[in-house]
Amino acid sequence: MPKWMSLVLVMALFCLAGVGTGEAAPNLSDGLAVLFLLSEEYAANVGVWSTCLDRLGYEVTFAGVGETIPAFDYAGAAIHADRTLSEIPDVSAFDAVFLATRPVDPGSIKYVAQDLRSDPATLDLVRAADDMDLALYVGASAFGVLLDAGLVDGRTVLCHSAFVKACGEAGGACAPSRSTAVPLRDGNLVTGTSWYAFPIENVEQIGRALDA
């Protein structure tokens, strides 16, 4: 069975249903390691991603510019990063990189993930991940990081509505990632909504990106 089909099956059984079987989740990691970049302030959807990735057997490393990442409003308690971005010399130890920042009002979108967007080391890591064809997931409001890293030109993507104009100017084929928009894959890059409205489709596209 292809890897992505296995990922979809596991997600259906454990994440979508949310019902325990009385047995430990099967270990499908096969060495799959995820670098999850957290911005100040992180959003509640990070917890959903973390739970699902953990159930899939992925090894998740949370990293940020600082050692502690404060929560956005209802997201919960502050997270102590596993490693700061300055402590990660390269992305060779990872198979996928995730960017999922907090939900925002379009009027304040320029402030979202500012710590990541203004950090040269972060942008270098994201570029390196793309150069190495690692699976790269970028949620709606995290799209500014992708723009600042210069990775939009020639890509077909979904992005936050506030970024659609800038996305087009950067050479991308862009559409707003509304809550009804299924995730979109272009090679190793998966873009989608921060609403996490499509758990099965998200994992399928990320699985395909890993296979690619």
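## Basis and confidence

This is a predicted model, in which local features need pLDDT of at least 70 and side-chain atom pairs count only at pLDDT 80 or more, while totals for chains, interfaces and linings use all residues. Residues are numbered from 1 along each chain as its sequence is written, and side-chain values use heavy atoms, with hydrogens and water left out.

The mean pLDDT (the predictor's confidence in each residue, from 0 to 100) is 82 for the chain, and 83% of its residues reach 70 or more. Over residues 3-29, however, the pLDDT is below 50, although this stretch has 45 contacts in the model beyond near neighbours in sequence, a contact being heavy atoms within 4.5 Å. Where pLDDT is low, the predicted coordinates should not be read in detail.

## The chain as a whole

The chain has seven helices and 11 strands, which are DSSP runs numbered from the N terminus (helices H or I, at least four residues; strands E, at least two). Buried residues make up 51% of its 212 residues, where buried means under 20% relative accessible area, exposed over 50%, and partly exposed in between (1.4 Å probe, protein chains only). Of the contacts with a separation of 6 or more, 63% are between residues 24 or more positions apart.

In α4 the buried residues are Thr 122, Leu 123, Leu 125, Val 126, Ala 129 and Asp 130. They cover an arc of only 160 degrees around the axis, which puts them on the same side of α4; the arc is that of the directions from the helix axis to the C-beta atoms. On the other side of α4, Pro 120 and Asp 131 are exposed. The buried residues of α4 pack against β1 (33-37), β6 (96-99), α3 (114-117), β7 (135-139) and α5 (143-148), and just after the helix Asp 133 takes a positive phi of about 60 degrees.

Helix α2 (residues 45-55) has Asn 45, Val 46, Trp 49, Cys 52 and Leu 53 as its buried residues. Seen down the axis of α2, these fall within an arc of 135 degrees, so they line one face of the helix. Gly 57, which follows α2, has a positive phi near 90 degrees.

## Nonpolar cores

A nonpolar core is a set of buried Ala, Val, Leu, Ile, Met, Phe, Trp, Tyr and Cys residues joined through side-chain atoms within 4.5 Å. The largest has 34 residues, of which Leu 37 and Phe 143 touch the most other members, and the elements giving two or more residues to this core are β1, β6, α4, β7, α5 and β8 (156-159). Apart from it lies another core, of 25 residues, among them Leu 32, Val 46, Leu 56 and Val 190.

Beyond residues up to four places away in sequence, the residues that Leu 37 touches include Thr 122 and Val 126, both of which are among the buried residues of α4.

## Two loop positions

Ala 44, in the loop between β1 and α2, is partly exposed, with a relative accessible area of 30%. Its C-alpha atom is separated by 7.4 Å from that of Arg 102, 58 residues apart along the chain.

Ile 109 lies in the loop between β6 and α3 and is buried, with a relative accessible area of 8%. Ile 109 and Ser 141 are 32 residues apart in sequence and 7.3 Å apart in space, C-alpha to C-alpha.
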